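Here is a walk through one protein model. Keep the sequence and the 3D view open side by side. We begin with the whole chain and then move to its parts.

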Amino acid sequence: MLLSIFLPKYIAILHLNYKDSIMKLSEVKQILPTLENVEFQLENGAFVPEHFHVTEVGMINKNFIDCGGVIRSEKVVNFQLWNADDFEHRLKPNKLLNIIKLSEDKLGIEDFDIEVEYQSETIGKYDLEFNGKTFILKNKTTACLAQDACGIPPEKEKKNLIELGINQNNSCTPNSGCC
């Protein structure tokens, strides 16, 4: 009984560590048994309708060359979410856990970062976080991986004027001739 009282609070504290980091498959597998329902929410606050299906669990291998000529490789575990007109469908945590385990057994999926595909206007790819109750679909962004090779200048550090301070050696004083 004490476990049922303290476990949800412990889980919520534990999941604070996931914030601002991409979830790995092992983390999803640890969370699922603690949930009553599987819920996904977009960063804008909208929820994926509760009658969604997970139509795919797989591993994506991406081999590419960046604009600087460096060959790169990336592996992610992919979940694809889909809405149907099947309004009575509800994916339970244990069912998703069984799909994941089957994918690991049959496809040799390893413990990589999770990427979620979900269609709104077009197919979107999202990173995954957990807020203690709901899986959050975090917007992904593109970036140049070889900025030094592309000639993109590094971003300058921004400072407030108050932080600059006054350097007595470089300051202009009345009658010094610097103005």
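Of the 179 residues of this protein, 31% count as buried. The model is a predicted one. Among contacts with a separation of 6 or more, 67% join residues 24 or more positions apart.

Now list the elements. There are five helices and six strands. Read from the N terminus, they run α-α-β-β-β-α-β-β-β-α-α.

Strands of a sheet pair through backbone hydrogen bonds, either parallel or antiparallel.

Strand β4 covers residues 114-119, and β5 covers residues 123-130. The two run antiparallel and are joined by five bridges. They form a hairpin, with three residues between them. E117 has K125 of β5 as its bridge partner. Q119 stands opposite I123 in β5.

A second hairpin follows. It is made by β5 and β6, with four residues between them. In that turn, G132 has a positive phi of about 105°. Strand β6 holds residues 135-139 and pairs with β5 in the antiparallel sense, over five bridges. Here L128 has L137 of β6 as its bridge partner.

How enclosed is β5 by the rest of the structure? Six of its eight residues are buried, so β5 is largely enclosed.

Turn to N78, which lies in strand β3. Is N78 buried or exposed? Its relative accessibility is 2%, under the 20% cut-off, so N78 counts as buried. Its side chain has a polar partner: a contact of 3.5 Å joins it to the side chain of E117. Leaving out residues up to four places away in sequence, N78 touches E56, V57, G58, I60, E115 and E117. E117 is also the residue whose bridge partner in β5 is K125.

Which residues of α3 are buried? They are P93, L96, L97, I100, S103 and E104. These residues cover an arc of only 120° around the axis, which puts them on the same side of α3. The general rule is simple: an α-helix has 3.6 residues a turn, so residues three or four places apart point the same way. The buried residues of α3 are covered by elements that include α2 (25-31), β2 and β3. The face turned away from the buried side carries the exposed residues N94, L102, D105 and K106.

G108 follows α3, and its phi is positive, near 70°.

Conventions: Residues numbered from 1 in each chain as written. Predicted model: local features only at pLDDT ≥ 70, side-chain atom pairs only at ≥ 80, totals over all residues. Heavy atoms only, no water. Pairing = 2+ DSSP bridges. Buried < 20%, exposed > 50% of the residue type's maximum accessible area, 1.4 Å probe, protein only. Arc of directions from axis to C-beta. Contact = heavy atoms within 4.5 Å. Polar contact = N/O pair within 3.5 Å; in protein donor to acceptor, adjacent residues only side chain to side chain.
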